[in-house]
Protein chains: 2
Amino acid sequence: MEAEFVDWLRKRLSAHSNVELGLGDDAAILRWKDAANCVVTTDLLTDQVDFDLELHDPRRIGRKTLAVNLSDLAAMASRPVAAVISLALPRDGALRLAQELYEGLIPLAEEFDVAIAGGDTNCWQGPLAVSVTAIGAVTPHGALRRDGARPNDVLMVTGTFGGSLRGKQFDFTPRVREALDLNANYNIHAALDVSDGLSLDISRLAQESGCGACLDLDTIPVSQDAYELSASSPENLTPLERALSDGEDFELVLAVPSKEAERLLSDQALEVPITRIGVCTAQPGLTCIDHRGRTRSLAPRGFEH
Amino acid sequence: MEAEFVDWLRKRLSAHSNVELGLGDDAAILRWKDAANCVVTTDLLTDQVDFDLELHDPRRIGRKTLAVNLSDLAAMASRPVAAVISLALPRDGALRLAQELYEGLIPLAEEFDVAIAGGDTNCWQGPLAVSVTAIGAVTPHGALRRDGARPNDVLMVTGTFGGSLRGKQFDFTPRVREALDLNANYNIHAALDVSDGLSLDISRLAQESGCGACLDLDTIPVSQDAYELSASSPENLTPLERALSDGEDFELVLAVPSKEAERLLSDQALEVPITRIGVCTAQPGLTCIDHRGRTRSLAPRGFEH
């Protein structure tokens with residue numbers, strides 16, 4: 001539903017001089033007279049969709065609500081500044097729950113030097129919903145957007161993919177430091193963070209950039225979690241299929257000019273590995289090279305809101 | 001519950017150099033290197049608490065979700081810049097509902113030159129919840145806070161109070177223009193917007209400022225809606241009691257040095273009337289002068305979150 005709604009909304013809203021980059025990316029870039037640019041992003045996480053309050057420790061839930069926003073700031077290569085947090089809490093045990101949520105997110109805020117600047121705390125008859133808005137500063141190196149990829153750019157990713165249900169969906173480290181490092185030291189054309197599924201998110205990056213993407217399936221870094229979940233889960237997805245579609249990996253996808261990509265890959269300057277997984281193509285759409293070396297179309301898969 | 005929670009949270013959070021003014025006011029003031037100050041505020045409105053989706057037009061609900069945030073920016077005398085909006089929508093008819101909400105808020109955003117900079121749209125099993133975060137710029141005249149009142153300051157209000165259930169709770173005009181005008185032309189010590197109830201919100205302003213407040217009950221501007229609701233409602237509240245406790249008036253309360261207050265009252269430079277309703281006192285707590293001229297204590301009443 002969200003995609004259809006955002007399509008509608010982009011048409012419905014007029015351009016506004018306060019917004020350098022509005023709907024459609026991981027976060028918005030604001031610019032106004034007498035102020036440096038700041039980046040703002042928001043995510044609303046809800047019970048039974050993004051977490052299960054019966055199953056998951058509220059501290060892990062709280063951490064996740066901030067972490068997904070920091071991951072969006074990372075996708076823009078912006079420096080986290082502050083966050084505001086709104087809670088809609090079931091009435092029974094509301095105070096305790098609110099405290100536990102914050103106990104989970106405060107250490108993450110401290111780790112990334114993010115100010116908790118405010119919020120709104122409410123009780124109601126409904127299930128738990130948590131809305132976090134994070135604000136970041138654009139660095140002198142500028143912000144990374146998802147619409148800057150060009151044909152022949154190399155597609156690279158941090159980390160590994162698939163099986164985030166086994167825990168990474170809560171305990172991931174948002175790639176803020178990595179994004180700031182990469183943006184400061186390399187020429188990067190476009191970036192996003194993988195929240196909905198690697199193939200789906202890459203197809204969005206390509207579409208926003210007016211190009212296509214071809215993934216080399218043999219090079220996709222499949223996580224150990226994807227293997228274990230495939231072995232134990234009844235859903236009959238291969239580990240590679242999980243890596244391409246599970247989502248909530250919160251790793252970065254980067255589109256980098258090919259020479260720069262060589263430099264970046266040989267440097268491997270980050271603590272997390274960076275892997276080349278494909279290229280951008282002039283022809284729109286998503287394709288792949290399979291393990292027999294054949295090029296074929298690839299259906300983008302992932303979580304549709 | 002919220003008051004207790006915010007008390008806890010203020011102790012729990014360390015001071016942060018990014019935040020000039022954090023929890024406890026209508027909005028936060030952010031300051032960071034190489035950027036002008038910006039103001040950020042957030043409100044989460046939920047079905048059956050802030051509105052009733054069975055009874056109220058989604059356009060009016062949508063308008064309200066932005067308007068309450070603009071009212072918070074007005075309370076800081078900051079210029080609205082942008083807003084991000086997150087929706088948790090019941091699955092049935094979600095797209096239509098989201099569109100109607102935005103159709104209600106877009107005209108208000110246009111009226112106040114606010115960019116809708118982003119958001120997050122979700123469906124779930126729960127009732128409707130709408131989270132709006134608004135960002136404002138601090139003007140050269142600085143931001144108004146709620147903790148700057150001093151004993152002998154005059155307390156003044158815009159507009160009239162009580163009976164907002166009859167419609168003003170949705171259709172109020174946030175006092176953004178008035179606040180910017182007043183802050184540019186007068187020396188104002190403190191301000192807030194009345195969301196929870198006039199007496200409750202004034203007691204908060206006094207408490208944050210380390211002083212008390214004494215209201216002259218004969219001077220409280222009671223709205224026509226308060227009279228009509230008192231006549232028709234079974235709750236047996238007088239119109240004055242409604243003015244003091246109903247809340248959702250979204251008018252400004254100002255604490256102004258007495259000479260400046262005289263000038264402001266004689267100028268009456270705004271379209272909306274400004275009324276003197278009391279003074280700040282050295283003695284903490286809320287008191288009133290009743291219609292027989294007697295000073296007595298007044299219990300703060302309003303909506304406790």
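1. The model is predicted: local features need pLDDT of at least 70, side-chain atom pairs count only at pLDDT 80 or more, and totals for chains, interfaces and linings use all residues. Residues are numbered from 1 along each chain as its sequence is written, while chains are lettered from A and ligands numbered from 1 in the order in which they are written.

2. Chain B holds an open sheet of seven strands with mixed pairing, in the order β8-β10-β7-β11-β9-β12-β13. Strands (E, at least two residues) and helices (H or I, at least four) are DSSP runs numbered from the N terminus; two strands pair if DSSP finds at least two bridges between them. The edges are β8 (190-193) and β13 (295-297) of chain B, each with a single partner strand, so one side of each has no neighbour in the sheet. From one strand to the next the twist averages 25°.

3. B:D193 stands opposite B:L252 of β10(B). Helix α2(B) (residues 58-75) packs on the sheet, touching β8 and β10 of chain B, and its direction makes about 170° with that of β8(B). Residues are in contact if their C-beta atoms, placed from the backbone, lie within 7 Å. Axes are lines fitted to C-alpha atoms, for helices over the stretch in contact, and angles run from 0 to 180 degrees between N-to-C directions.

4. The axes of α2(B) and α3(B) (residues 94-111) come within 7 Å and cross at roughly 50°. That makes α2(B) oblique to α3(B); oblique is what remains once angles under 35 degrees count as roughly parallel, over 145 as roughly antiparallel and 65 to 115 as roughly perpendicular. The contact includes B:I61 and B:L66 of α2(B), and B:L101 and B:L105 of α3(B). By class, it has 10 nonpolar, three polar and five charged residues. Here Ala, Val, Leu, Ile, Met, Phe, Trp, Tyr, Cys and Pro count as nonpolar, Asp, Glu, Lys and Arg as charged, and the others, Gly among them, as polar.

5. A:F250 is not a glycine, yet has a positive phi of about 55°. This residue is in the loop between α8 (239-245) and β10 (252-256) of chain A. A:F250 counts as buried because 25 C-beta neighbours lie inside 10 Å; the cut-offs are 20 or more other C-beta atoms within 10 Å for buried, 12 or fewer for exposed, and partly exposed in between, with C-beta atoms placed from the backbone.

6. B:N152, also not a glycine, has a positive phi of about 80°. B:N152 is in the loop between β6 (129-137) and β7 (154-158) of chain B, and is partly exposed, with 13 other C-beta atoms within 10 Å.

Conventions. Two residues are in contact if their C-beta atoms, placed from the backbone, lie within 7 Å.
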